[in-house]
Amino acid sequence: MEEEDQRKVTDLVIEVVRRLLSQQNPQNASPNSPHFSQSLRYALRILSSRLTPSVSPDADAVAESIKRRLATQGNSSDALTFADLYTKFASKNGPGSVNNKWAVLYLLKIISEDRKNAISGMDSSVFLPNLGLNDDEMGNDLRVLNAKENREKAWKNGVLLVSKDPENLREISFREFGNLIEEENEVTEEVLVRDVLYACQGIDGKYVKFDGNLDGYVLSDSIKVPRATRTIVRKLCELGWLFRKVKGYISESMDRFPAEDVGTVGQAFCAALQDELSEYYKLLAVLEAQSTNPIPLVSENASSGNYLSLRRLSVWFAEPMVKMRLMAILVDKCKALRGGAMAGAIHLHAQHGDPLVHDFMRRLLRRVCSPLFEMVRSWVLEGELEDIFAEFFIVGQPVKAESLWREGYRLHAGMLPLFISQSIAQRILRTGKSINFLRVCCDDRGWADAATEAVAAAGVTTRRGGLGYGETDALESLVMEAAKRIDKHLLDVIYKRYKFKEHCLAIKRYLLLGQGDFVQYLMDIVGPELSEPANTISSFKLAGLLESAIRSSNAQYDDPDILDRLRVKMMPHGTGDRGWDVFSLEYDARVPLDTVFTESVMTRYLRIFNFLWKLRRVEHALIGAWKTMKPNCLTSHVYTKLQHAVKLQLLSTLRRCQ
């Protein structure tokens, strides 16, 4: 069976050569033609070649190489023609098509290069050095091949002729190359690869060690290696230096936790870096497994096996180097930062055009910003300030209930990350402050329903982790909906439950003296009492007179809660002061209204009341004088019958009194 296959192969080779030659010149297709003999010898040399290709089996890459070669040689039309033919060739699949398209393209490329070198005078054995065939042997072979009775013997001889290198030139060359490498390198490349892998884990190797003075991993100068090898080792060990920096930051931060300068954002940052290092460890484990395989020389038996050289290591380290360098930069930037300031600094490095860096930074920032967005969610929906380590951009401080709105909470600009705008931060502050005001000052729980409605309207979830970095639209939607509903609920509570408008009108009527009948009656009944020295007046008696004035005027129809807030206040007095100098009214604006009517505001109202009260006192005194003097004028007409001198004296006295 094997002999029959050999005969078929021989016949096919002869037939292929004959057909190819007949297309150019039918005379060259004759078996007795010298051109036929030379072509057949060349075909057998190619088919018997055992050279391993130095490129990966990629048909597209080989086709692109051929097309580029044609274009650089000035054959643009040939390059376009080849591209069209390759497209048709690559699209042929299924029964009857060529499966190993890459091998066909590579064969054509090698033949083309061999022909080009043959034209330039080079021996084709440079590319195909498998055989040194002479014309006599080839002629004998052809004659044997043409004789059917000796076909089997001819094939065997042909195989012997095309499959051996009698002088073993290639083996000698590779052996000399190996000896040269051993002379130039005191340390094998396998050992250096293993040391580099150790260095990339922060561990000193046998020859590659960390030098504190140079602050990096170096290969000892006493080791004899080529300068190119020393350079590539130094470049690869940069990854180990970066690894030491990142690993040192993680260890230092986690040892100090729960210190305030680390915080939850810093802890999340360390956790994200540790996850990236875990992926890095997996890569190193794979590379260490490959490093155990020997590195073959470039020989005919070499293959692109699963071994690891320094150059292959540089390819493997390309992506980890970018990530590790970026992590080292972030570590340097964030050493003195925490909370929102740290998230903002990391966010600046996310604005990058490289997709690899952009995706890496987004993945990192989602982890880092998770605690920050959880604080925002808790503050906006629950009014809870979960900020143990002072990382949030909203700061709270203990104050009285009346000062809760103005002084209880404020923005910390230094902790506001750049991806949250100032306007959104102000809304976030006001929303949480409203919830706390309702809960503490108004004793209200209706804000929880408003928060639930806001979540439903915004289309986000209330669970932890529902918001994250990159979801700015969702954050803004949640804040806007929550602010709108909670603010509306707060106004409803203040206006309806605590009757804010009614209290404003009460202050206008009683402190600004807008209730005329009440003011007139009050001045009438307290006048005699206020004419006494201030230190002899009883505030309790004045409070009773105030109650009498309320019951005797239309003020009695006001809300009892409003009337209960109206009180008499005696200001500090000195020697010689009268009751008119120290008497005033005050309005008790209780929680939560004292947030609007603060102590300073009520002090201003008191000053206005004292001024208006003095004006009304003058008016009241003038009215009293008028009432007293008017009857005197009328009675003066009775004395008209008196003597003229007496009459003039009386009228003069009355005018002076008026």
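**Burial, cores and salt bridges**

Me: What percentage of the 658 residues in the protein chain is buried?
Reply: This is a predicted model: local features need pLDDT of at least 70, side-chain atom pairs count only at pLDDT 80 or more, and totals for chains, interfaces and linings use all residues. Residues are numbered from 1 along each chain as its sequence is written, and side-chain values use heavy atoms, leaving out hydrogens and water. Buried means under 20% relative accessible area, exposed over 50%, partly exposed in between (1.4 Å probe, protein chains only). Of the 658 residues in the protein chain, the buried share is 39%.

Me: Which residues have the most contacts inside the largest nonpolar core?
Reply: A nonpolar core is a set of buried Ala, Val, Leu, Ile, Met, Phe, Trp, Tyr and Cys residues joined through side-chain atoms within 4.5 Å. The largest has 132 residues. Contact means heavy atoms within 4.5 Å, and F393 touches residues including V376, L411, M415 and I428. The residues with the most contacts inside the core are F393 and F518.

Me: How many disulfides does the structure hold?
Reply: A disulfide is a pair of cysteine sulfur atoms within 2.5 Å. C237 is buried at 2% relative accessible area. Its closest cysteine sulfur, in C200, is 6.0 Å away, so that pair is too far apart for a bond. The number of disulfides is 0.

Me: Where does K488 lie?
Reply: K488 counts as exposed at 54% relative accessibility, whereas D492 counts as partly exposed at 29%. Their side chains meet in a salt bridge (3.4 Å, N to O). The two are 4 residues apart, about one turn, both in residues 472-497, helix α20.

Me: Are E374 and R377 buried or exposed?
Reply: Their side chains meet in a salt bridge at 2.7 Å, N to O. Being 3 residues apart in helix α16 (residues 370-382), they are separated by about one helical turn. Both E374 and R377 are buried.

Terms used: A salt bridge is a side-chain nitrogen of Lys or Arg within 4 Å of a carboxyl oxygen of Asp or Glu. Lists of a residue's contacts leave out its neighbours within four places in sequence.
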